[in-house]
Amino acid sequence: MMKGPQRIVCLSTETCEVLYRLGEQDRIVGISGFTVHPPQARKEKPKVSAFISAKTEKILALKPDLVLGYCDLQADMAAELAREGLEVHLFNQRDITGILRMIETLGALVHASDKAEALVAELQLGMDRVRQQAAQMSRRPKVYFEEWDGPLISGIRWVSELIELAGGEDCFAELSHHPKAKQRYITDPQEVVRRAPDLIIGSWCGKRFRPEHLFDRPGWPKIPALSNEQLFEIKSPDILQPGISALTIGLDQLHELIRQWDKRQC
C-alpha cells in the first residue's frame with residue numbers, strides 16, 4: 001500500500017511534473033489549468049485552478065488529503081483552502097538549489113525519498129554536463145533575458161543561474177536576486193542599450209515573444225543582439241516554471257542558443 005497522502009491537488013505545474021517523474025501520479029486528483037509538463041497530465045487529470053484562483057468547491061469535492069502550491073501569489077488560495085480544513089504545503093523555490101530541495105521535500109511527503117534523491121542526482125549530472133561543455137567555449141556572451149515587455153522585467157534568479165551555467169553572462173544578474181517581478185523592473189530601457197547584450201531571449205509569460213517589436217524601441221537597433229539578429233524565444237512553460245523542465249528543457253535550449261552564438265564567433 002502507498003504511504004503518505006493519497007489524494008493530492010497540485011495548484012502549480014512543478015509538483016505535478018515531479019510526481020509523474022517519481023511514478024507517483026496516481027496520487028494526483030487535480031491539477032492547474034496551466035500545467036504543460038508532462039503533457040499526459042492534461043489528458044488524465046481534472047483541472048481545478050488557474051495560477052492565482054481556484055475552484056474551491058471543485059477541490060473540496062475531490063476530498064484531497066494534501067494540496068500543493070507555489071509562492072506568495074498563491075498564498076490567498078492556500079489560506080482559503082486551509083480554512084476549509086485542508087492540509088496545504090506551499091513551496092517557494094526561487095533558485096536551482098530551491099528547485100532541487102522542493103523535489104527532495106515532495107519525495108519525502110509521498111514516502112518516495114529514494115526515487116527523489118535519484119532524480120536530483122540525475123538532474124545534477126545533466127547540469128554538470130552542460131557546465132563542462134560551456135567551459136570549453138571561447139567567449140561568454142552577454143545575455144538579456146526578458147520576462148515581460150511592458151514594463152520590462154528581467155529574469156528571475158533560477159533563470160539567471162541557468163544562463164551562467166549554460167555559458168552566458170546575465171546582463172542583469174544583480175536584479176535576479178529579487179523574488180518579486182516588480183523588483184526586477186528595468187525602468188530605463190536605455191540601460192539595456194548601455195549593457196549591450198549579445199543575445200536577447202524573450203519569454204513573455206502567457207503570450208508569444210515578438211522580437212520585431214524590439215526594433216521599435218528607441219536606441220535598441222544598435223544593440224549587438226539586434227544588429228546581429230540574435231533574438232530568440234524560450235516558451236515560458238519550459239523555463240519560467242521552477243521545476244524539472246527548467247533544469248532540462250529550458251537549460252538545453254539556453255545552452256544550444258549560446259553554443260550556436262559561440263560558433264558564429266569562430
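Okay, ground rules. What you're looking at is a predicted model, where local features need pLDDT of at least 70, side-chain atom pairs count only at pLDDT 80 or more, and totals for chains, interfaces and linings use all residues. Residues are numbered from 1 along each chain as its sequence is written, and side-chain values use heavy atoms, with hydrogens and water left out.

Let's start with salt bridges, meaning a side-chain nitrogen of Lys or Arg within 4 Å of a carboxyl oxygen of Asp or Glu. That rule gives a count of 18. Side chains of opposite charge can pair when their charged atoms come close.

One of them joins E256 and R259, at 3.0 Å from N to O. Both sit in helix α12, residues 244–265, and because they are three residues apart, about one helical turn separates them. Helices here are DSSP runs of H or I with at least four residues, strands are runs of E with at least two, and both are numbered from the N terminus. An α-helix has 3.6 residues a turn, so residues three or four places apart point the same way. As for cover, E256 is partly exposed at 34% relative accessible area, and R259 is partly exposed at 32%. The scale is: buried under 20%, exposed over 50%, partly exposed in between, with a 1.4 Å probe and protein chains only.

Then there's a network: E174, D188, E191, R194 and R195 are joined by salt bridges that share partners. Inside it, R194 pairs with D188, with the closest N and O atoms 2.7 Å apart. R194 counts as exposed, at 52%, while D188 is partly exposed at 32%. R195 pairs with E191 at 2.8 Å, and those two are four residues apart in helix α9, residues 190–195.

Who else is in α9? V193 is found in that helix, and at 11% V193 counts as buried. Beyond its neighbours within four places in sequence, V193 is in contact (heavy atoms within 4.5 Å) with P218, G219, W220, K222 and I223.

Now jump across the model: V193 and D76 are 39 Å apart, C-alpha to C-alpha. D76 belongs to a surface patch of negative charge, together with E57, E80 and E84. A patch takes residues with over 30% relative accessible area and no salt bridge, and joins like charges within 9 Å or nonpolar side chains (Val, Leu, Ile, Met, Phe, Trp, Tyr) within 5 Å. E84 itself sits in the loop between α4 (75–83) and β5 (88–91), partly exposed at 43%.

Another cis bond runs from G150 to P151, omega near 0°. H111, which isn't a glycine, has a positive phi near 55°, and E229 also has a positive phi near 55°. Both count as exposed: H111 at 53% and E229 at 62%.

Note on methods. Accessible areas come from the Shrake-Rupley method with a 1.4 Å probe; for residues, only the protein chains shown count as cover. Lys and Arg count as positive and Asp and Glu as negative; His and the chain ends are not counted. The place of a charge is taken as NZ of Lys, CZ of Arg, CG of Asp or CD of Glu.
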